[in-house]
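My notes follow in the order I took them.

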Amino acid sequence: MGPYLIRRLGLMLLTLAVTSVLVFVIIQLPPGDYLTTYIAELRAQGEMVPQERIDYMREEYGLDKPLVEQYLVWVGGLLQGDLGYSFEHSVPVSTLIGDVFILTLVVNFATVLFVYLVAFPIGLYTATHRYSVGDYSLTFIGFLGLATPNFLLALILLYLANRWFGTSIGGLMDPAYLEAPWSVAKALSVLEHLWVPVVVIGTAGTAAMIRRLRANLLDELNRPYVTTARAKGVPPTRLLVKYPLRMALNPFVADIGNLLPQLVSGSVIVSAIMSLPTTGPLLLRSLETQDYYVAGAMLMFLALLTVVGQFVSDVLLAVLDPRIRLGGGLAK
Amino acid sequence: MTPADTARPRPAPAPPAGPGAAPDDALLRVRDLTIDFRLATGSLRAVDGVGFTLRRGGCLALVGESGSGKSTIAQCIQGILPHTATVAGGTVTLAAGRRGEPPVEITALKRDGKAMLDLRGDRVATIFQEPMTALSPLHTIGDQVGEVLCLHKGLSRRQADAAVADILAQARFPEPRRAVTMYPFELSGGLRQRAMIAMALAGEPDVLIADEPTTALDVTTQAEILALLDTLRRELSMSVLLITHDLGVVAHMAEHMVVLHRGRVLEAGPVDPLFQAPGHPYLKALMGAVPRLRGETRTRLTPLREIVVNTERLYAAKRRRGTAPAEAQADDHIMLRLADVEKRYPLRHGGLFRRQGGDVHAVRGVNLELRAGTCLGLVGESGCGKTTLMRLVTGVLRPSAGRVLFDAGDGPADVTAMDRRRLTRYRREAQYIFQDPFSSLNPRMTVREILTEPLLIHDVGAPRERVDMAAELLRLVGLDARMMGRYPHSFSGGQRQRLCIARALALNPRLLLCDEPVSALDVSVQAQILNLLADLRGALGLTMLFVSHNLAVVRHVADTIVVMCAGRLVEAAPAERLVTEARHPYTQALLSAVPEPDPHLRVRPEDLGATRASDPDAWPAPYRPGPDGATRWDDLGGGHLVAVGDSA
């Protein structure tokens, strides 16, 4: 297990390094840089910019240096926790996107939790009570969840939350707290607003997971080893949890790797509709204006999530399944 | 025999009891047991008024084909009937136990109730058929065996682990302490079955149900497991209820037998007289269907339901395609020749430094000749390299050294060196029949699609003709041409294997490669398929390479038998001679492991451990391979060859 982990970590770092090169190159690909975009905008407004000023800014921002050097400066900064400086907003990138990232993570972590907490009991119930009234009704609701467009659900829930609980529409907190420093009251306000986006973003995932868990469990419930355990006299509930459920977990654990980045990038439309202060809109804007460091930091963040998610799911799989843990080396 | 004969209701026979058996000698009484299954289409009576008695310390066998209800009875006794099954009548009672447990009526217990849970695994335990799937792949052997102790003996996990090692030792595990922390996938099939036995033994049950305990195993492993069961039964004075379709196993293990057919008891009584003079025609038929090692060679097996093979139309088809069968039968050139064929696999270790461990020899130095129109039997245990050898012959695998030469009558050609066009032709000339008829047919294709696909791939005939040919092929294997629109799941195991044979014959091959074609089938169906293959071979002039782990089966189809062990050929002889005059210790071990359906020919358990000889380094002097692992043929005359070490 030890060497396996070390090798996996090494591969992770390598993947991130390669990704950073790609990200940097791709951001630089469009002709010009932030300054040319900026100057073009100024000129369009009829302002004249003296050449000295342009040269000064270019030197100040380090845009006159060779690409390799710019890259090294950027990556060196990343390694020290310095995400760079936003040209457009004239603030450090970390200040610009810090809150956004934290809120994005809060929303998505809550969504994952919601999906698992709701999907597992229902999936278990429908698999063990197959073809019962409960199974049919839950299956029906699940299909409704799969079929309802997210934005529609978002609008309905926002309206209902406002009607019933007086929650302000849109955003992740009451407007009063927007510029306020973090406090208990602000956190409570976030919690109050959180459930709507979580339900909206999570519904489709929950419905899909219920279906998959049910199908997986049904497969496992008929396996001979379940009969063996019954013949040993294992009580039904304990049997269900110890044997088939454990086997049915594998696909879900394997899925974590896809889940993390998908949740971060997949909720753009819903974020736009509910005007959530999450990463989607910011990333789009920074790419348009060639605000290198903002775009770079966000893309690297997505890459990091993907790689970490993949790593976590691989490690969990190895912990859960001895065939992967012990047999992996032989099977190759 | 028609179904009407067997379906006639008969009163349940009197419980078989030995002379002088005391009334309280009975441990398990089954009375008028009737079990119904709820189906979407109505209800199905799987067990109909069955009655028998299992004596303390005795071994009773329930014998029957798939679908006879024998496993359902076992499930009822174990208390694990599926949800869809209900006991419609009758009782199953278990007398007082050895440790003072009160008598209990199993059929009256609540499903998954406390009393039922206490019974399962503690007083009644089952050894299941398929050791590969009957153990959870995610839990250690120690966990799974120890679970019984935790549930029924109140031991803690830690105490259980220590006790499990003792139980594994009792099941003759080579390294019981190590096995406690191992997972099932790290063990061989035989060892997994031992783990299964250990699990059943852990609760010290009064009744041990062995549900086809050896059907999934090799003949040699089967002999070991049977011997172990027999020894343990005597040591622990358990009663064993043996569920099997294999009369050879019955003859070796049981004292009494109950023959079941379609949920009813046809015949019951002590084993010896029943084997000598089977009364019911069904039992007689079952006996005739078992391939035997001794007695006249080439006796045609008598299947329960004979297949009528219709070859006339096929001849017509063959003539249309320009190869008359008479011509094919006439020549006897060497069709297939393997010259010094080797297949090595590099042993890899994980990590950056690969290829440290040297090579594994899957096949080493194999020389073989197969003449046109003959059948060569290749015998060996699983893992001996016989399937690898077959794949080398098909050209799916490439040999590491040596040549595979195929001659269709126009000169030998090396299979590995064939160009595209020759290889396409070769694939028509050599066809494969797989072991498992359940997984070798695509469940999403109809029979028509399955049978016409090879014709389509090789561009034979117009679409209309292809369907006609498919119909002919179905008739050829004794199936109805009207079944063409069906999917494989609506066929039984034997019918599916017939479909596989029909598919293999679609391209009018010269060479038929049969890889354990009957080992997944019931004995009665096995006889049917073996006869079909023999008939087809005669009618179509086919050349066959027939692989099996069971010498008795091979003896019935092959002209010559070659025995393979650890990648080597160890003995080759005409079929009859090999069975009667085997020289090589490994061949002798294989022969002694086949359970003959005759109670007087029981293999003594103590012989078996010693005769097991699949390790070449343990062979006695002339047969032990040289230091470099090489062997050479010693010709004993009459086509009888035996491998000896170079030093001899």
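**Entry 1: positive phi.** I started at B:D32, which sits in strand β1 (residues 26–39) of chain B. This is a predicted model, and I read its backbone angles as such. I found phi of B:D32 near 50°, a positive value in a residue other than glycine. Most residues other than glycine have a negative phi.

I looked up B:R262 next. B:R262 is not a glycine either, and its phi is positive at about 50°. I located B:R262 in the loop between β9 (256–261) and β10 (264–270) of chain B. B:R262 has 17 C-beta neighbours inside 10 Å and therefore counts as partly exposed.

**Entry 2: the sheet in chain B.** I traced an open sheet of eight strands in chain B, ordered β16-β17-β18-β13-β19-β20-β22-β21, with mixed pairing. Which strands are at the edges? I noted β16 (430–433) and β21 (631–635) of chain B, each of which pairs on one side only.

I checked one pairing by itself. Strand β20 (residues 568–574) of chain B runs antiparallel to strand β22 (residues 641–645) of chain B, and two bridges join them. I noted B:V642 in β22(B) as the bridge partner of B:E571.

Then I looked for helices on the sheet. Helix α14 (residues 386–394) of chain B packs on it and touches β13 (375–379), β16, β17 (511–515), β18 (543–548) and β19 (560–565) of chain B. I recorded about 155° between the directions of α14(B) and β17(B). I also found α18(B) lying across β16 and β17 of chain B, at about 170° to β16(B).

**Entry 3: α16 and α18 of chain B.** I followed α18(B) to its helix partner. Helix α16 (residues 447–457) and helix α18 (residues 493–505) of chain B have axes 8 Å apart and pack at an angle of about 30°. That is under 35 degrees, so I call α16(B) and α18(B) roughly parallel. Their crossing is right-handed. On the α16(B) side I listed B:V447, B:I450, B:L451 and B:P454, which meet B:L499, B:A502 and B:R503 of α18(B). By class, I have six nonpolar residues, no polar and one charged in this contact.

**Entry 4: α7 and α8 of chain A.** I moved to helix α7 (residues 150–165) and helix α8 (residues 184–221) of chain A, whose axes come within 9 Å and cross at roughly 150°. α7(A) and α8(A) are therefore roughly antiparallel. I noted this crossing, too, as right-handed. α7(A) contributes A:N150, A:L153, A:A154, A:L157, A:L158 and A:A161, and α8(A) contributes A:V196, A:V199, A:V200, A:T203 and A:A204. I sorted the residues of this contact into nine nonpolar, two polar and no charged.

**Entry 5: between the chains.** How many residues of each chain are in contact with the other? I have 24 residues of chain A in contact with 30 residues of chain B. On the chain A side, α9 (224–232), α11 (244–265) and α15 (322–331) each supply at least two residues. The largest share, seven residues, comes from α9(A). By class, I wrote down 11 nonpolar, six polar and seven charged residues for the side of chain A that touches chain B.

Terms used:
Residues numbered from 1 in each chain as written. Chains lettered and ligands numbered in written order. Predicted model: local features only at pLDDT ≥ 70, side-chain atom pairs only at ≥ 80, totals over all residues. Contact = placed C-beta atoms within 7 Å. Helix = DSSP H or I, 4+ residues; strand = E, 2+ residues; numbered from the N terminus. Nonpolar A, V, L, I, M, F, W, Y, C, P; charged D, E, K, R; others polar. Axes fitted to C-alpha atoms, helices over the stretch in contact; angles between N-to-C directions. Parallel < 35°, antiparallel > 145°, perpendicular 65-115°, else oblique. Left-handed = near helix turned anticlockwise from the far one by under 90°. Pairing = 2+ DSSP bridges. Buried ≥ 20, exposed ≤ 12 C-beta atoms within 10 Å, placed from the backbone.
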